[in-house]
Amino acid sequence: MLKQKSNRRILLILTILVVMSFINTGCTQGETEYKYWINSDSDVRHNSSCQYYGNTEHGYYTNEKVGTPCGICGG
Ligand SMILES: [Zn+2]
């Protein structure tokens with residue numbers, strides 16, 4: 001009786017872990033793929049914690065340390 005209960009608990013935990021790993025892989029795709037956002041108008045580099053990351057009118061994502069580091073986030 002006791003053994004059956006613990007087996008069910010392990011199954012439940014495993015199910016939760018599998019579901020959570022699916023959710024995690026879905027979320028990490030895309031948004032954290034690149035380290036920097038380059039404002040192509042001013043050539044200023046923003047890191048992913050910056051308010052301007054991916055948020056200027058013209059720009060692109062990159063992993064290269066190019067351009068001028070941002071004064072707010074440090075690039
Ligand atoms: Zn910045």
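How many residues lie between S1 and S2 in the hairpin that they form? The hairpin has 4 residues between S1 and S2. The views below start from the whole chain and then turn to parts of its sheet.

The model is predicted, and local features need pLDDT of at least 70, side-chain atom pairs count only at pLDDT 80 or more, while totals for chains, interfaces and linings use all residues. Residues are numbered from 1 along each chain as its sequence is written.

**View 1. The elements of the protein chain.**
The protein chain holds 1 helix and 4 strands. Helices (H or I, at least four residues) and strands (E, at least two) are DSSP runs, numbered from the N terminus. Read from the N terminus, the order of elements is α-β-β-β-β. Of the 75 residues in the chain, 12% are buried. A residue is buried if 20 or more other C-beta atoms lie within 10 Å of its own, exposed if 12 or fewer, and partly exposed in between, with C-beta atoms placed from the backbone. Among the contacts with a separation of 6 or more, 41% come from residues 24 or more positions apart. A contact is a pair of residues whose C-beta atoms, placed from the backbone, lie within 7 Å.

**View 2. The open sheet.**
The 4 strands form an open sheet in the order S3-S1-S2-S4, with mixed pairing. Two strands count as paired if DSSP finds at least two bridges between them. S1 (residues 36-39) and S2 (residues 44-47) run antiparallel and are joined by 4 bridges. S1 and S3 are also antiparallel, again with 4 bridges. S2 and S4, in contrast, pair in the parallel sense over 2 bridges.

**View 3. Partners across the strands.**
Isoleucine 38 stands opposite arginine 45 in S2 and opposite tyrosine 60 in S3. Arginine 45 in turn has proline 69 in S4 as a bridge partner.

**View 4. The turn of the hairpin.**
Aspartate 43 is in the loop between S1 and S2. Its phi is positive, about 65 degrees, although aspartate 43 is not a glycine. Most residues other than glycine have a negative phi. Is aspartate 43 buried or exposed? Aspartate 43 counts as exposed because it has 11 C-beta neighbours inside 10 Å.

**View 5. Glycine 59 in strand S3.**
Glycine 59 has its place in S3. This residue is buried, because 22 other C-beta atoms lie within 10 Å. Leaving aside neighbours within four places in sequence, glycine 59 is in contact with Trp37, Ile38, Asn39 and Ser40. Glycine 59 and isoleucine 38 are 21 residues apart along the chain, and their C-alpha atoms are separated by 5.2 Å.

**View 6. Tyrosine 60 in strand S3.**
Tyrosine 60 also belongs to S3 (residues 59-62). Which residues does tyrosine 60 touch, not counting those up to four places away in sequence? They are Ile38 and Ser40. Tyrosine 60 is exposed, because 12 other C-beta atoms lie within 10 Å. From tyrosine 60 to tyrosine 34 the C-alpha to C-alpha distance is 9.8 Å, and the two are 26 residues apart in sequence.

Methods: Contact = placed C-beta atoms within 7 Å.
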